[in-house]
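Hello,

Here is the structure I said I would pass on. My notes on it follow below.

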Amino acid sequence: MNDMERVLIGSSVRQDPRVLEYFLDSLRDLKARNFAVDYMFVDDNDDARSSLLLLNFRPLRSSVVIVPCPEDREPYVRDEIHHHWNEKLVWRVARNKNLILDYGRRHRYDYVLLVDADLVLHPETLARLVATGKDIVAEIFWTRWRPGTEEGPQVWLRDHYTTYRCGREEKLTEEEKMRRVREFLDMLRRPGVYRVGGLGACTLFTLKALRKGVSFDEIYNLSFVGEDRHLCIRAAALGFELFVDTHFPAYHIYRESDLEGVPAYLASFRKMGVEACRQLITSTLRGVLEELESADFRRRMDARRYRNNFTARGWAALRRRRARRGVLRKKKILRAEVVSTELAFDDGLDRCRVVAELNVKGSERGGRVGKKLRVRLDTINAGEWLIDHYEAEEGGLPTPSPVIAFNHNGFTRVVRPGPQKITLAMLVRNEAGRYLPMVLAHAARYVDEAVILDDASTDNTVEVC
């Protein structure tokens with residue numbers, strides 16, 4: 001347990017018991033995997049049934065801290081049109097959220113996840129937010145802030161709630177503004193991690209961010225309404241960028257009528273989870289496979305650049321494959337390209353069997369060769385997808401094609417595959433401080449020898465060569 005990262009999940013709660021029950025159930029269902037998770041609630045309820053739900057929330061192997069609020073509550077009105085906030089309510093909630101951040105800071109939790117109590121979270125939310133590696137990152141949700149309007153996200157780009165990009169000196173037409181708004185919203189509909197200017201409601205903070213002093217305290221010379229704006233501006237001033245993850249959107253019970261949509265959201269987990277996992281796996285694995293199966297395999301392994309993409313068992317399997325690849329060491333593999341992938345998930349979306357087909361091109365004894373490579377992987381979801389097993393089946397290598405060349409008399413001759421080589425020829429002068437090191441390092445992957453003529457350089461070009 002001591003080796004596990006510790007997470008504090010906290011919420012300021014003043015909620016209808018029907019909504020709160022869905023919220024707490026989604027917290028129980030979060031996949032913690034390698035995390036030790038504790039909970040902290042600031043009980044600001046004016047319904048005794050909601051307070052009782054908090055008291056009865058007792059997940060296994062977790063501590064739960066409940067902090068009661070003073071009785072002098074400002075009335076909080078919610079209806080089918082809007083939530084009616086005032087200054088007293090805003091800064092009361094800000095104080096409650098700061099209590100949670102301060103508790104996480106004092107007890108040195110690795111992460112604090114602040115969640116509004118009117119959200120229903122996807123089970124993968126916690127693991128996914130941690131896996132982004134960001135100091136401040138939110139999981140997205142979508143809400144119709146006014147009845148009959150289009151859904152909008154709880155994140156924005158600048159100011160109070162500006163959702164289009166605009167330079168300080170740009171003058172935009174209304175048509176261009178709407179085009180940029182649509183561009184931003186369309187981007188957020190695609191699974192990914194994106195930098196934003198403002199966020200809230202479901203936000204993960206690292207201990208680094210907590211120690212730097214992020215908080216919901218009011219910035220006295222700022223007129224923006226809402227504690228989240230003050231948090232985000234202070235965080236940016238402290239040097240933190242803000243991000244939103246869009247792989248596992250939460251469900252927002254903004255109005256009582258939104259309760260009707262919760263069962264459909266819960267039923268969508270399987271379909272939504274498979275698609276999000278598919279995006280994560282393919283985006284991660286494509287680059288890894290193409291790099292590992294390209295260029296000089298031994299140099300790639302010695303560099304250990306991709307160790308973090310493997311479990312210990314998966315890395316050992318890859319090393320065993322390396323030991324069996326003696327035949328490939330006689331070839332010069334130039335390029336590998338993933339052309340197809342097939343994925344099969346288990347029921348819990350914790351493991352996935354991947355079959356990928358690659359086209360590999362290279363040279364052997366001076367002739368060009370190509371082949372098909374079929375790679376089978378077992379991957380596990382440990383907050384990010386890691387390769388737990390690695391094996392490959394190589395297709396037959398075709399006989400290199402003869403090369404047609406011209407001799408000095410203009411007659412053609414056929415050059416049969418044999419001991420041929422590529423020679424790099426260059427003329428250089430005073431190139432040491434420009435692109436010479438990069439060019440030579442790149443060429444070294446392909447050429448057998450180099451002939452370089454130095455034209456009286458006065459810098460250290462010769463030494464670089």
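Tyr435 is exposed, because its relative accessible area is 53% and the cut-off for that word is over 50%. Bear in mind that this is a predicted model. Tyr435 sits in the loop between strand 19 (423-428) and helix 12 (436-443). Together with Met438 and Val439, Tyr435 makes up a nonpolar patch on the surface, and the accessible area of the three together is about 330 Å².

Strand 12 (residues 242-252) is the opposite case. Of its 11 residues, 11 are buried, so the strand is largely enclosed by the rest of the structure. Which strands pair with strand 12?

- Strand 7 (residues 119-120) runs antiparallel to strand 12 and is joined to it by 2 bridges; Leu119 stands opposite His252.
- Strand 8 (residues 136-143) runs parallel to strand 12, with 4 bridges; here Val137 stands opposite Phe243.
- Strand 10 (residues 193-196) runs antiparallel to strand 12, also with 4 bridges; Val196 has Leu242 as its bridge partner.

Next, helix 3 (residues 87-106). Its 20 residues, at 1.5 Å a residue, should span 28 Å, and the C-alpha atoms at its ends are 28 Å apart, so the two values agree. At the start of helix 3, a side-chain oxygen of Asn86 comes to within 3.1 Å of the backbone nitrogen of Lys88. Just after the helix, Arg108 has a positive phi of about 55 degrees.

Last, the salt bridges. How many are there in the whole structure? The search finds 29. One of them joins Glu124 to Lys31, with the closest N and O atoms 3.3 Å apart. This pair links distant parts of the chain, 93 residues apart: Glu124 is in the loop between strand 7 and helix 4 (125-131), and Lys31 is in the loop between helix 1 (17-28) and strand 2 (35-43). Glu124 counts as buried, at 3% relative accessibility, whereas Lys31 is partly exposed, at 22%.

Another salt bridge is formed by Arg189 and Glu151, whose closest N and O atoms are 3.4 Å apart. Arg189 lies in the loop between helix 5 (174-188) and strand 10, and Glu151 in the loop between strand 8 and strand 9 (152-153), so this pair ties together parts 38 residues apart in sequence.

Salt bridges with shared partners join Arg179 and Glu183 with Glu170, Glu176 and Arg180 into one network.

Regards

Conventions:
Residues numbered from 1 in each chain as written. Predicted model: local features only at pLDDT ≥ 70, side-chain atom pairs only at ≥ 80, totals over all residues. Heavy atoms only, no water. Patch = residues over 30% accessible without salt bridge, like charges linked within 9 Å, V, L, I, M, F, W, Y side chains within 5 Å. Areas by Shrake-Rupley, 256 points an atom, 1.4 Å probe, with all protein chains shown as cover. Salt bridge = Lys/Arg side-chain N within 4 Å of Asp/Glu carboxyl O. Buried < 20%, exposed > 50% of the residue type's maximum accessible area, 1.4 Å probe, protein only. Expected span 1.5 Å × (residues − 1). Polar contact = N/O pair within 3.5 Å; in protein donor to acceptor, adjacent residues only side chain to side chain. Pairing = 2+ DSSP bridges.
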